[in-house]
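Visitor: I am new to this structure. Please show it to me, then take my questions one by one.

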Amino acid sequence: MPVFTANGNHVEIQQGATFTLSLNLLDASSAQRDLSSGFTAAMQGRTTHAATSTIFSLTSSSGITLGATSPNMVISLTATQTAALTAPVKGVYDIELTTTSSGLVERVIEGTFEITPEVTR
């Protein structure tokens, strides 16, 4: 289960366990955004903001599901995928949403992450 707080935006990924993070993006009037078409999303995690290599990288083609109803963005990794991640490691991440028609890119969330090592294999 991911640790997700509004103040810190910290995400914990447990190596070897299924990971799911559900987000609900709202518009300026607090109405549910329909992300089911016209958008792509990307999420990357790195050890530092300046790091050239990624620890993980997800897109709306692989690992991020966009929809019309709550939650309208779901980030997911299988247990096999998290088992392949290096642990322990800490770093930073962000998630960007791109409007395909205009190319507008919004950073919808950012924060820190921690991948904790698996004991049971």
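Guide: This is a predicted model. One term comes before your questions: buried means under 20% relative accessible area, exposed means over 50%, and partly exposed lies in between.

Visitor: Is Thr99 buried or exposed?

Guide: Thr99 sits in strand E7, residues 89–99. The cut-off for buried is under 20%. Thr99 has 15% relative accessibility, so Thr99 counts as buried.

Visitor: Which residues does Thr99 touch, not counting those up to four places away in sequence?

Guide: Contact means heavy atoms within 4.5 Å. With residues up to four places away left out, Thr99 touches Gly38, Phe39 and Leu104.

Visitor: How are the planes of Phe56 and Phe113 arranged: stacked or edge-to-face?

Guide: The count comes to one aromatic pair. Its ring centres, in Phe56 and Phe113, lie 5.0 Å apart, with 70 degrees between the planes. Planes over 60 degrees apart count as edge-to-face, so the arrangement of Phe56 and Phe113 is edge-to-face.

Visitor: Where in the chain is Arg33, the salt-bridge partner of Glu106?

Guide: The side chains of Glu106 and Arg33 meet at 2.9 Å, N to O. Glu106 lies in strand E8, 73 residues apart from Arg33. Arg33 is in the loop between strand E2 (19–23) and strand E3 (39–46).

Visitor: Which residues do salt bridges with shared partners join into one network?

Guide: Asp94 and Arg107 form a salt bridge at 3.4 Å, N to O. Arg107 also meets Glu110, at 2.8 Å. The network joins Asp94, Arg107 and Glu110.

Key: Residues are numbered from 1 along each chain as its sequence is written. This is a predicted model: local features need pLDDT of at least 70, side-chain atom pairs count only at pLDDT 80 or more; totals for chains, interfaces and linings use all residues. Side-chain values use heavy atoms; hydrogens and water are left out. Rings of Phe, Tyr and Trp (its six-membered ring) pair if their centres lie within 6.5 Å; planes under 30 degrees apart count as stacked, over 60 as edge-to-face and the rest as tilted. Helices (H or I, at least four residues) and strands (E, at least two) are DSSP runs, numbered from the N terminus. Buried means under 20% relative accessible area, exposed over 50%, partly exposed in between (1.4 Å probe, protein chains only). A salt bridge is a side-chain nitrogen of Lys or Arg within 4 Å of a carboxyl oxygen of Asp or Glu.
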